[in-house]
Amino acid sequence: MKIFTFPVLFGLLFSSIGTASLFFYKDVLLSAIWLSFGNGLMLSDFKLKKQDAAGNTYLQPVPKPRFYAGLFLIVLAVLLLLLQVLLDIQQTEQ
């Protein structure tokens, strides 16, 4: 049973990059993009262990609300990235 799949590991990596960029660069929008994408990946794929009545452990499926919340965070990261690009383009035109 594998709890930490590739999307969860990449989510941890992206969330740590977002946290580090917030501490070092103080750029809130850049950090929000990294954190939103990383947390969205973790929420949409992380499975928890549970025991049944016989004592066997199994992985629970991802609940639908948590999956949709993770999907929303990934879409939000893409929208924030587009906003960042738009702001950068407007800044270079001046």
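The model is predicted: local features need pLDDT of at least 70, side-chain atom pairs count only at pLDDT 80 or more, and totals for chains, interfaces and linings use all residues. Residues are numbered from 1 along each chain as its sequence is written, and side-chain values use heavy atoms, with hydrogens and water left out.

**Exercise 1.** Determine which residues of α1 are buried and where they lie around the axis.

Solution. Helices are DSSP runs of H or I of at least four residues, numbered from the N terminus. Buried means under 20% relative accessible area and exposed over 50%, with a 1.4 Å probe and protein chains only. In α1, Val8, Gly11, Phe14, Ser15, Gly18 and Ser21 are buried. These residues lie on the same side of α1, because they cover an arc of only 150° around the axis, taken from the directions from the helix axis to the C-beta atoms. Phe6, Phe23 and Phe24 are exposed on the face turned away from that buried side. The buried residues pack against α2 (28–45), where contact means heavy atoms within 4.5 Å.

**Exercise 2.** Describe how α2 is placed relative to α3.

Solution. The buried residues of α2, Leu29 and Ile33 among them, pack against α1 and α3 (64–93). Axes are lines fitted to C-alpha atoms, for helices over the stretch in contact, with angles from 0 to 180 degrees between N-to-C directions. The axes of α2 and α3 come within 7 Å and cross at roughly 160°. Therefore α2 is roughly antiparallel to α3, the term for angles over 145 degrees.

Key. Helices (H or I, at least four residues) and strands (E, at least two) are DSSP runs, numbered from the N terminus. Angles under 35 degrees count as roughly parallel, over 145 as roughly antiparallel, 65 to 115 as roughly perpendicular and the rest as oblique.
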